[in-house]
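Hi,

Here is the structure I promised to pass on.

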Amino acid sequence: MRCIICFSPVLPSVDWTTFLTLQKPVKVCLQCSDKLSGIEEPGCPQCGRADGAEVCYDCERWERSEYAGVLTKNVAVFSYNEFAKELVARWKYRGDFTLIEAFTEAAQKKYKNHFHSMEADLAAIPLSKERLWERGFNQSEALITQLGASPLSFFKRKGSEKQSKKGRMERIGGENPFELIGKPERPVILVDDIYTTGMTVRHLGRLLCEAGCPEVYSFTLFR
Ligand SMILES: [Zn+2]
Ligand SMILES: [Zn+2]
């Protein structure tokens, strides 16, 4: 077995217990898993950032804006540190699709801890046609599949994806780039790779809330 991140050999510790319990093969070496920094609770209870234990300044600001109440909380698995940035670049932009397996186990565990008892739909964030074509896959759908669920398409993108080229302040007042095409009847969990400013999940959350969705959460690999 080789580590799927750095390709160095990972020696499985084979003894009778691992043999009898059919333990899952280790996909990531110790050095790499040390560099992936899992977010331990508490953090900001609303956006899931790792530092602090109270609602952070960014979330406070959101709750004073027109987006107040549209997102109950975000749960994130890892901190978006330098190592994570490199991995995301490899995974999303350089076509190293199998890297997702490096995050699966931790993502499943975190997801289960927070949402296991909840009857909810997992919604994918749509990419524009151009993005999807460049990338070859939708990272949000891929994550939902890793969580053992089927992604639901509640949204459609309006026009092209210019949002990321604008600054944060411009985006806050910006037009909602999505429209709702499904009918949310249960709580919805929006699944994405990274929570950066929180704008995307709030755009989507607002559409869901306006359509009567009882509650909106988000689950991201990184924060
Ligand atoms: Zn490694
Ligand atoms: Zn926060």
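The face of H4 turned away from its buried side carries Glu82, Lys85, Glu86, Ala89 and Tyr93, which are exposed (12 or fewer other C-beta atoms within 10 Å of the residue's own; buried takes 20 or more, and partly exposed lies in between, with C-beta atoms placed from the backbone). Before going on, please note that this is a predicted model, where local features need pLDDT of at least 70, side-chain atom pairs count only at pLDDT 80 or more, and totals for chains, interfaces and linings use all residues. Residues are numbered from 1 along each chain as its sequence is written, while chains are lettered from A and ligands numbered from 1 in the order in which they are written.

Helices (H or I, at least four residues) and strands (E, at least two) are DSSP runs, numbered from the N terminus. The chain has nine helices and six strands, and 31% of its 223 residues count as buried.

Back to H4: the buried residues there are Ala84, Leu87, Trp91 and Lys92. They cover an arc of only 115° around the axis, which puts them on the same side of H4 (the arc is taken over the directions from the helix axis to the C-beta atoms). Their cover includes strand E1 (73-78), helix H6 (129-135), helix H7 (139-146) and strand E6 (216-222). Just after H4, Gly95 has a positive phi of about 70°.

**The sheet**

Four strands form an open sheet in the order E1-E6-E5-E2, with parallel pairing (two strands pair if DSSP finds at least two bridges between them). E1 and strand E2 (121-124) are at the edges with a single partner strand each, so one side of each has no neighbour in the sheet. E2 and strand E5 (residues 188-194) run parallel and are joined by four bridges; Asp121 has Val188 in E5 as its bridge partner.

**The core**

Which residues have the most contacts inside the largest nonpolar core? They are Phe78, Val188, Leu190, Val191 and Val216, in a core of 46 residues (buried Ala, Val, Leu, Ile, Met, Phe, Trp, Tyr and Cys residues joined through C-beta atoms within 7 Å). E6 gives the largest share of this core, five residues. Beyond its neighbours within four places in sequence, Phe78 is in contact with residues including Leu36, Ile39, Ala84 and Leu221 (contact means C-beta atoms, placed from the backbone, within 7 Å).

Best wishes

Key:
Two residues are in contact if their C-beta atoms, placed from the backbone, lie within 7 Å.
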